[in-house]
Amino acid sequence: MTFRQYFLYGLLLFSPVYYAHAESSMLQVPAEYYRRISIAVADPNSVCSDNIDPYVSTLALTSKYEGSDDSRSDINDDAQAEYLESVATIRAMEKMAAEASDKFIKTGDLTVAQCFLNNLSAWAKAGALLSDDVNEVGQAVRKWFLAATGIAYLKIQSIRSDNGGMTQNEQVDRWFGHLARAVMSFYSDRPIEKVNNHDYWAAWAVMVTAVNLQDHDMYRWAMAKFDQALGQIDGDGYLENELARENKALEYHNFALQPLAMLAVFTTANGDNLFDSHDRALSRLTTRVVEGLQNPDIFAQRTGYTQDTEGLYTAYSLAWIVPFHKYFSMQWPSDLGLESFSKLTNSRLGGDLSWQFNVNLPTRPSDESAEAH
């Protein structure tokens, strides 16, 4: 780390911004994570068939936007195929993390949880994703991986049971700490004109690690980055650096809200409610994004580009709505097709959020009730 990096890191780390949680207190997860379940005894003869080899190769990865201009809005099909091939095992591990932690908290199936933890231990032992051969794309992949696996680990560790909970793995904890510090190092030295959704995802990954490791310095860093993000929301609820994505501006506003939603919930659980800060900036952003999802022309008029909405109206992309609905009284938006989903799930936010936060998704009204209105 250069002197400038250490200096900027220190500014974030020791910022007094809204930090109400006492250093001597335990960092908390939202109440919904402290579930009490009956853990099924693992079958001693069971074999974990889902062994995923640790990713220890280069993190100098190809961008799917290779060859695009500064807007980074044109996907290069060949580059995307190369990228997806290179991160296949990483994404497989993220998917396992979400699915295993979901199944464990829903059924108490210790076998599936232990299978995930065994894989996690193998990746920790191998020092996966800690390569120094890393570019900006690799930095992004590293933080997303840390968020996905870290929140799954935290879900499992937060379970309370009459027959005992899971024991934390010191080797995994140390590895998560190394990953988080790598994330913090890279995202501590970014000019404000470059701070965007990547920084918000970095804050979420570090927040999860902070709670996993009970590391107040990491928590303070994530808090400061969250506050920085809220300060970027303009008076109309837009993020200037996401508007620069032109035809993907709406998509990236929606993408930015995913980690911000979870940061809002986790900081609130620790007594640091930033939802109303910066003149209710987060509320402005959520309102603007929902309006954009309902009518993409709003973003087209602002950017001058017709918006690409492919993949936006999915259970994955819209999962951020669940924590806002649960914690900040956000009504279920209409015209987004939410009533067609059985669950809203996002691996990097922790899997099935509708189950995690114990909310009932909106249902499609019957013909009779629709006519009555």
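Residues are numbered from 1 along each chain as its sequence is written. What you have open is a predicted model, so local features need pLDDT of at least 70, side-chain atom pairs count only at pLDDT 80 or more, and totals for chains, interfaces and linings use all residues, while side-chain values use heavy atoms, with hydrogens and water left out.

From first C-alpha to last, H7 reaches 24 Å over 17 residues, close to the 24 Å expected at 1.5 Å a residue (the expected span is 1.5 Å times one less than the number of residues). Colour by accessibility: 16 of its 17 residues are buried (under 20% relative accessible area; exposed is over 50%, partly exposed in between, with a 1.4 Å probe and protein chains only).

Next, pick Lys 248, in the loop between H9 (240–243) and H10 (249–269). Lys 248 is buried at 4%, and makes a salt bridge with Asp 308, closest N and O atoms 2.9 Å apart (a side-chain nitrogen of Lys or Arg within 4 Å of a carboxyl oxygen of Asp or Glu). Asp 308 sits in the loop between H12 and H13 (321–327), so the pair ties together parts 60 residues apart in sequence.

Now select Arg 288 and Glu 291: both are in H11 (277–294), about one turn apart, and their salt bridge has its closest N and O atoms at 2.6 Å.

Terms used. Helix = DSSP H or I, 4+ residues; strand = E, 2+ residues; numbered from the N terminus.
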